[in-house]
Every structure is written in C-alpha cells, then in structure tokens.
Amino acid sequence: MAAPLGRDSLPEHCSYGVCRDGRVFFIDDEARATTWLHPRSGEPVNSGHMIRSDLPRGWEEGFTDDGASFFIE
C-alpha cells in the first residue's frame, strides 16, 4: 500500500471505497471526481482483500505480504 489507508491520511474533502477486486478508489467531494491514485502519495492502493463470486456470501479472500491467500468472514 502506498500510504496508510484511513480517513486521517486523506485530505478533509476526500473519502475512499473498495471495489470487489480489492482496488481502492478515492472520491474528491469538492471536485465531484474519483481516481485510483491516493490523493497524497499519487500511487494506486490495493486493500489486500478480494471479494470472489465463488465464495459464500459475506466471505472475502485476503493476502499476506508474502502473497499467501486467506479467507475472512
């Protein structure tokens, strides 16, 4: 992750969301625009979690820093 992900790491007028594939997008409420790049670092961020269609409802796949997968309910 390029920068710590949390409201305290974002400018006041920004928020974020996470896509089903784990990619994080950022919302600039003032400009009414979205971007894949973190507003402070300018780098893309991945949450490390992925919602897969083959998992039971409410389950996600996560990945360790070494790339091993694990499952979260």
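**Strand pairing and an aromatic pair**

Student: Which residue is the bridge partner of Phe26 in S3?

Tutor: In this predicted model, the bridge partner of Phe26 in S3 is Thr35.

Student: What makes strand S2 and S3 count as paired?

Tutor: Two strands pair if at least two bridges are found between them.

Student: In what order do the strands of the open sheet stand?

Tutor: The three strands form the sheet in the order S1-S2-S3, with antiparallel pairing. Strand S1 (14-18) and strand S3 (33-35) each have a single partner strand, so one side of each has no neighbour in the sheet, and both stand at the edges. From one strand to the next, the twist averages 30°.

Student: How many aromatic pairs are there?

Tutor: The count comes to one aromatic pair. Phe25 and Trp36 form this pair, with 6.4 Å centre to centre and 85° between the planes.

Student: Why is the pair of Phe25 and Trp36 called edge-to-face?

Tutor: Ring centres must lie within 6.5 Å, and planes over 60 degrees apart count as edge-to-face.

Student: What parts does the pair tie together?

Tutor: Phe25 lies in strand S2, whereas Trp36 lies in the loop between S3 and strand S4 (49-50), so the pair ties together parts that are eleven residues apart in sequence.

Student: Why is Phe25 called partly exposed?

Tutor: Buried means under 20% relative accessible area and exposed means over 50%. Phe25 has 23% relative accessibility, so Phe25 counts as partly exposed. Trp36, at 40%, also counts as partly exposed.

Methods. Residues are numbered from 1 along each chain as its sequence is written. This is a predicted model: local features need pLDDT of at least 70, side-chain atom pairs count only at pLDDT 80 or more; totals for chains, interfaces and linings use all residues. Side-chain values use heavy atoms; hydrogens and water are left out. Helices (H or I, at least four residues) and strands (E, at least two) are DSSP runs, numbered from the N terminus. Axes are lines fitted to C-alpha atoms, for helices over the stretch in contact, and angles run from 0 to 180 degrees between N-to-C directions. Rings of Phe, Tyr and Trp (its six-membered ring) pair if their centres lie within 6.5 Å; planes under 30 degrees apart count as stacked, over 60 as edge-to-face and the rest as tilted. Buried means under 20% relative accessible area, exposed over 50%, partly exposed in between (1.4 Å probe, protein chains only).
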